[in-house]
Amino acid sequence: DSQTKQPLPGAQFKIWRDGVLLGDYTTYENGKIVIEKAPAGTYKVQETATLKEYILNDKPYEIEHATEKATSITIENTKKPVLSITKIDAETKKPLANAVFKLTRANGDVVKEDIRTGEDGTAFIEGLDAADYIVTEVTAPGGYIIDKTPHAVSLEEGKTYTLTIENSKKPGLLIKKVDSKTHKALSGAT
């Protein structure tokens, strides 16, 4: 991982020695690939697949290897951007569940629909490309006014972007019918 420096198991590579393909290799649990008793030569290493939450680093890397000592190369992957949408009550700032959003690219192409906030008022969208997006509320939580404002977000590799959107409660009307003399509540008025 380019930020945490933690090993990434399951990344796949093609490895060549002096232009001859040695084969396809996958990183172990410790994030390493080890070629025992490797002959001297020029090795080319190229990532062909990585974990779904990371950006493929398919740049070919070359390393010179002499048989006297071990040679190593470290290849890093950067996490894809994450978008976190939090929906809160405009007055109380408490989280609101069941708000529904649509995510589009800046050019209008729909990326994901039916993004719904959970009980904690938050929805996470992972695996996005670094790009400009528009977040639009499609359905407000019950009893709240929808926020029709398109919210522009610009996502960068390896970063989480948090967007907090407030909703105001729908206005209500309370009619109370009372006796004009006693001021006691009266029922049954239409």
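**Questions about strands, burial and a pocket**

Colleague: In this predicted model, which residue stands opposite T86 in β11?

Modeller: T86 has T164 of β11 opposite.

Colleague: How do you know that strand β5 and β11 pair?

Modeller: Two strands count as paired if at least two bridges are found between them. Strand β5 (residues 82-89) and β11 are joined by eight bridges, so they meet the requirement of at least two. The two strands run parallel.

Colleague: Which sheet holds β5 and β11, and in what order?

Modeller: An open sheet of three strands, ordered β8-β5-β11, with mixed pairing. On average its neighbouring strands are turned by 15° against each other, direction ignored.

Colleague: Why are β8 and β11 placed at the edges?

Modeller: β8 (122-125) and β11 (160-167) each have a single partner strand, so one side of each has no neighbour in the sheet.

Colleague: Why is T122 called buried?

Modeller: Buried means under 20% relative accessible area. T122 has 18% relative accessibility, so it counts as buried. T122 lies in strand β8, and leaving out residues up to four places away in sequence, it touches S84, I85, T86, R116 and T117.

Colleague: Is N167 buried or exposed, and why?

Modeller: The relative accessible area of N167 is 1%, so N167 is buried. N167 sits in strand β11. Leaving out residues up to four places away in sequence, its contacts include K87, I88, D89, E137, Y144 and D147. A99 is 68 residues from N167 in sequence, while the C-alpha atoms of the two are 9.5 Å apart in space.

Colleague: What is the order of the open sheet of four strands?

Modeller: The order is β7-β6-β9-β10, with antiparallel pairing. Its edge strands are β7 (110-116) and β10 (151-154), each of which pairs on one side only. From one strand to the next, the twist averages 25°.

Colleague: How many bridges link β3 and β4?

Modeller: Five, with the strands in the antiparallel sense. At least two are needed, so β3 and β4 count as a pair. E62 in β4 is the bridge partner of K44.

Colleague: Which elements give two or more residues to the lining of the largest pocket, and how much space lies in it?

Modeller: The largest pocket holds about 1000 Å³ of space. β1 (12-17), β3 (41-49) and β4 (61-65) are the elements that give two or more residues to its lining. β3 gives the most, with three residues.

Colleague: How many residues line the largest pocket, and which lie nearest its centre?

Modeller: The lining has 33 residues, and K32, I33, T71, S72 and I73 lie nearest the centre. By class, 15 lining residues are nonpolar, ten are polar and eight are charged.

Note on methods. Residues numbered from 1 in each chain as written. Predicted model: local features only at pLDDT ≥ 70, side-chain atom pairs only at ≥ 80, totals over all residues. Heavy atoms only, no water. 1 Å grid on protein atoms, 1.4 Å probe; cavity = no way out; pocket = protein on both sides within 12 Å on 5 of 7 lines; lining within 4 Å. Points joined across faces, edges and corners; volume = space filled by probe spheres on them. Nonpolar A, V, L, I, M, F, W, Y, C, P; charged D, E, K, R; others polar. Axes fitted to C-alpha atoms, helices over the stretch in contact; angles between N-to-C directions. Buried < 20%, exposed > 50% of the residue type's maximum accessible area, 1.4 Å probe, protein only. Contact = heavy atoms within 4.5 Å.
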